[in-house]
Amino acid sequence: MVEFKDVSVTYSSGVDALDGINLRINDGDFAFIVGSNGAGKSTLIKLLLKEIDATSGTVLVNGYNLRKIRRRKVSMLRRTIGVVFQDFRLIPTMTVYENIAFVLRVIDAPKKYIKTRVPYVLELVGLSDKMKTYPEQLSGGEQQRVALARALVNDPKLIIADEPTGNIDPELSYDIVELLKGINECGTTVLMVTHEHNLVRYFGGRVISLENGSITFDEMVGGSDAGK
Amino acid sequence: MRVSSAGYLVKQGVTGVWKNRMMSFASFCIMLVSLMLVGISILAGINISRIISGIEAQNEIFVVLKPEVTQADIDKLYVEFNNISNVTDVTFYSKDQAWADMIADMTQQEREAMQYGNGDNPLPDTFRVKIADLEIMDITSSQLTTFDMVESIQSPESFATALISLRNVAALITSAVVIALMIICLVIISNTTRTSVHARRKEINIMKYVGATNSFIRIPFFIEGMLIGILAAIGALILTRFAYIELYNVITEQLQGLQMMGSKPLYSFSSISTYVTIAYLAAGTVIGALGTTISAGKYLKV
């Protein structure tokens, strides 16, 4: 569960990135967060990952109050969140298998579990045959699927996808969102930040719109095939 | 932490050296040269100090005894001189021996001239006293004059003062060079490790996002830095050994004159190799491991 209560963020430069946000996303929800550049989407994600602190208000994520969480516990919070970035952020010196297994090693998972879990998630994203490949040998779409596999390998409560389709072919964008939808159907909360309205119109669901640091729209929208 | 996880982190550290081979090689070279420069400076310093201390040790105070001194007095003085704390060696030089040596050193002409004298030995009995610390030579001299049967003292105090000044200046220059080199090397090593880690800041960033603790990220960097440091230390040790032996041969040949003045020979490499090996390995390991770990720490604040 994610909850923002009167959250504001003002950067040291004086820019008000978020202005009194109130938002609740329940477990198992799928929500698109849309908005133009500078609307506050990135700030919202940084808050969820405890990369920055709110200037005022309270942020609750998966049972952690981010205002009160100790620095040492931030790694524990992040283990409950899977993140997919626009630029994939895979470790270039590790193979696909190693990139995903790393997340399980971080949580001190048993070797046997790692050996069965990693091939399983790679199969889910359709990359079973790329285990020994290095990220640079993959296409953008494939790299994003590896990033998705990495995000879900430790069964997080929440997946945050920050413009996951921004660096891949439009055709493949639909596959990525399909995958996210599939993960959501298994009970994982998914927050997808995007500025691709076609995707939002196509898939529908809860849409939260940010403008100048405020929520201007938060409603369920019906999906269609029209945008594809 | 599981044994398998610990093993994984160690393996990551070891393979990290190869995976980031360009930066590893740069760190290796910088550390090798730095260790060598500092190491050779220190070795030069301790050898200069050894040469000077050897010359210092040859300084003797001549204690001239009164003409009426008896064998019993001489035996007593020998024991009492040896009991003075700064005295390292006491040698009795009898007037008969001094006379014989003087005659032996004379030319034939001088010996013939001596025959016109009355044949009496005018030389006194003396003690030659070697001391440990030149800086308190005057105090030791005063102590020696307090004995009844001592007529006078001859101590080379001005030479001693010059030697002390030389030793102090040499120690100062050596320390200054070593400290300056150490600072320069630490700055260069720190910059190199920082650049090496900077190149991998994204990697560290990703690790933080997936929930890795700081120690989980640091351990491979620590092992990687330590390995590079050890390898650099081994390289520096081999090169230092080679350079030292070559210099040892050249300098030993050149310093034969100084050795005649009582200077001690340079340390042979075999006599100091254990200390040099330990010092190089310890310095390489600590600098490598800490340098990399501290640099990585900068990027952990995500």
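**View 1. Surroundings of Ile33(A) in the predicted model.** In this predicted model, Ile33(A) touches Lys41(A), Leu44(A), Leu191(A), Met192(A), Val193(A), Ile208(A) and Leu210(A), when residues up to four places away in sequence are not counted. Ile33(A) also belongs to the largest nonpolar core, which holds 107 residues, and it is listed with Ile100(A), Ala149(A), Ile159(A) and Leu35(B) as touching the most other members. Helix H9(B) gives the largest share of this core, 13 residues. Another core, of 12 residues, lies apart from it and includes Val63(B), Phe127(B), Ile131(B) and Ala160(B).

**View 2. The open sheet of chain A.** Six strands of chain A form an open sheet with mixed pairing, in the order S6-S7-S8-S3-S9-S10. Strand S6 (81–84) and strand S10 of chain A stand at the edges and have a single partner strand each, so that one side of each is left without a neighbour in the sheet. From one strand to the next, the twist averages 15 degrees. Helix H6 (residues 170–185) of chain A packs on the sheet, where it touches strand S3 (30–34), strand S7 (158–162) and strand S8 (189–194) of chain A, and the direction of H6 makes about 155 degrees with that of S8(A).

View 3. Strand S9 (residues 205–211) and strand S10 (residues 214–221) of chain A run antiparallel and are joined by 7 bridges. Among the partners across this pair, Val207(A) is bridged to Glu219(A) in S10(A), and Ser209(A) has Phe217(A) as its bridge partner in S10(A). The hairpin has 2 residues between the strands, and Asn212(A) takes a positive phi near 50 degrees there.

**View 4. Helix H3(A) and its packing partners.** Helix H3(A) is mostly covered, with 10 of its 11 residues buried. The buried residues are Val96(A), Tyr97(A), Asn99(A), Ile100(A), Ala101(A), Phe102(A), Val103(A), Leu104(A), Arg105(A) and Val106(A). Within chain A, the buried residues of H3(A) pack against helix H4 (111–124) and helix H5 (140–152), while in chain B they pack against helix H1 (3–19) and helix H9 (214–254). One of these buried residues, Ile100(A), is also among the residues that touch the most other members of the largest nonpolar core. H3(A) is followed by Asp108(A), which has a positive phi, near 60 degrees.

**View 5. The contact between chain A and chain B.** The contact takes 16 residues from chain A and 16 residues from chain B. On the side of chain A that touches chain B, helix H2 (74–78) and helix H3 (96–106) of chain A each supply at least two residues, and the largest share, 4 residues, comes from H3(A). By class, this side of chain A has 7 nonpolar, 2 polar and 7 charged residues.

**View 6. Helices H2(B) and H7(B).** The axes of helix H2 (residues 21–57) and helix H7 (residues 157–198) of chain B come within 9 Å and cross at roughly 170 degrees. H2(B) and H7(B) are therefore roughly antiparallel to each other. The contact of H2(B) with H7(B) has, by class, 22 nonpolar, 9 polar and 2 charged residues.

Conventions. Residues numbered from 1 in each chain as written. Chains lettered and ligands numbered in written order. Predicted model: local features only at pLDDT ≥ 70, side-chain atom pairs only at ≥ 80, totals over all residues. Contact = placed C-beta atoms within 7 Å. Nonpolar A, V, L, I, M, F, W, Y, C, P; charged D, E, K, R; others polar. Pairing = 2+ DSSP bridges. Axes fitted to C-alpha atoms, helices over the stretch in contact; angles between N-to-C directions. Parallel < 35°, antiparallel > 145°, perpendicular 65-115°, else oblique. Buried ≥ 20, exposed ≤ 12 C-beta atoms within 10 Å, placed from the backbone. Core = buried A, V, L, I, M, F, W, Y, C linked by C-beta atoms within 7 Å.
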